[in-house]
Amino acid sequence: MTYPIRPIGEAEWPAFTRVLEEGFNWTPHPQQAERWKAETEFDRTLAVFDGDLMVGVTSVFSFRMTVPGGQLPVGGVTAVSVLPSHRRRGVLSSMMRTQLADIRERGESVAALYASESVIYGRFGYGRAASMLSFRIPKRGSAFVKNAPVDPSLRIRVAKPADVRADFEKLYASVVTARPGRYERNAAFWDSTLADEEFDQRGAGVLRSVLAEDDRGVRGYAFFRVKGSWDDNDLPTGELQLHELEATDPAAYALLWRSVLDRDLITTVRAARPVDDPLISLLADQRQLRAGWSDELWVRLVDVERALAGRAYAAPIDVVIEVEDDVCPWNAGRWRLTADTTGAECKPVDDEPDMTVPVAALGSAYMGDGQLVQQLEAGLVREHRQGAVRALATAMSWSPKPWAGRVF
């Protein structure tokens, strides 16, 4: 069957949330739903209908996101769900295709999302473009190396997060371009980030924060929750759950980490961080750090020509890429990518290809942490000129590694 798809209006918000509640097995608190509604761009929120019944939904945030070498407008895909009664009927496929076409028409060459299930989005051309580590750091093993940076002019200030929101916003805006995957936040996103009702706390206490500053101003911040507990011998076994830590320089970064790691009555700190987080180098005994790996941001090239020309490259490159893309047929074909320190260009050509690459593989490499060589070795990328894939992988690599840092 063919089901009609269209944007929804605010009056249809309750029906929209009901689909998500079924799809994600989750019922939000009314205040959470209102915050979510405030973030929503209704002209970019699609629904699929079976008669009068809303059976599938998805939405997009209009982001300005950091990519290697700069920033681009990116479609942040979110709230993708289909009623259990309407699975396997083409609802998701038609909805995702409609959404990608709309993203392209709006001039965004890249789409990005967090995947609730990692098996889903490769079918629509998304590739895993960023990873994260879930840190578990025992306080007793958290000493830093002797040459860790120290700045005597820095001091720690304890503050209620709501009272220093302006400092958070200013500091975050100053560092958002430092790592691919980070995106600018509007007021509604900051409202959600700093929300601190009882249902936000999930038994982990109120949101707390510290700032690293000198006489010139704030150079970093951290905010977190503390879940206090005691063992049978009345010894503290508290856990600090780090939500965010940002700094403008290494000394402020190190001081903020020491502040959370040395907090009284804490035995463990948990945090989700990028795979190349500098904390790993700061720890004197890195073996004490326990980390679980998982995928983070997924990226899809909606317009190959503009996306590949819109980022910087770590090394000169001149290759012809044959792109396979069944979902966005305008991308399928051969593209010559040339880039050096002055810029990049991507143009359609009829030349013989140096490689044949599924569009999802390009998406996985786009932010600088791709697996092109591994996918070549797995037989998922085909090389027609020896060394071409490795050359492209080197050119698309980037440091620091990508990490968005906040689910959207």
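Visitor: How many salt bridges does a search of the whole structure find?
Guide: This is a predicted model. Side chains of opposite charge can pair when their charged atoms come close. A search of the whole structure for such salt bridges gives a total of 33.

Visitor: How many residues apart are Glu-108 and Arg-44, which form a salt bridge?
Guide: The closest N and O atoms of Glu-108 and Arg-44 are 2.7 Å apart. Glu-108 sits in the loop between helix H3 and strand S5, while Arg-44 sits in the loop between helix H2 and strand S2. The pair therefore links distant parts of the chain, and the separation is 64 residues.

Visitor: Is Asp-325 buried or exposed?
Guide: Asp-325 meets Arg-300 in a salt bridge, 2.7 Å from N to O. Asp-325 lies in the loop between strands S15 and S16 and Arg-300 in strand S14, so the pair ties together parts 25 residues apart in sequence. Buried means under 20% relative accessible area. Asp-325 has 5% relative accessibility, so Asp-325 counts as buried.

Visitor: What is the relative accessible area of Asp-351, the salt-bridge partner of Arg-336?
Guide: The closest N and O atoms of Arg-336 and Asp-351 are 3.1 Å apart. Arg-336 lies in strand S16 and Asp-351 in the loop between strands S17 and S18, so parts 15 residues apart in sequence are tied together. Arg-336 is partly exposed at 31%. Asp-351 is also partly exposed, and its value is 35%.

Visitor: How are the rings of Phe-61 and Phe-63 arranged?
Guide: The structure holds 19 aromatic pairs. In this one, the ring centres of Phe-61 and Phe-63 are 5.6 Å apart and the planes stand at 40°. Planes under 30 degrees apart count as stacked and over 60 as edge-to-face.

Visitor: Which term describes the ring pair of Tyr-183 and Phe-408?
Guide: Tyr-183 lies in the loop between helices H4 and H5 and Phe-408 in the segment after helix H12, so the pair ties together parts 225 residues apart in sequence. Tyr-183 and Phe-408 are both buried. Their ring centres are 5.4 Å apart and their planes stand at 85°, so the term is edge-to-face.

Visitor: Over the ring of which residue does the charged end of Arg-311 sit?
Guide: A charge can lie over a ring, as Arg-185 does over the face of Tyr-172, at 4.1 Å from the ring centre. The charged end of Arg-311 is 5.9 Å from the centre of its ring, and that ring belongs to Tyr-366.

Key:
Residues numbered from 1 in each chain as written. Predicted model: local features only at pLDDT ≥ 70, side-chain atom pairs only at ≥ 80, totals over all residues. Heavy atoms only, no water. Salt bridge = Lys/Arg side-chain N within 4 Å of Asp/Glu carboxyl O. Helix = DSSP H or I, 4+ residues; strand = E, 2+ residues; numbered from the N terminus. Buried < 20%, exposed > 50% of the residue type's maximum accessible area, 1.4 Å probe, protein only. Phe/Tyr/Trp six-rings, centres within 6.5 Å; stacked < 30°, edge-to-face > 60°. Lys NZ or Arg CZ within 6 Å of the ring centre and 35° of its normal.
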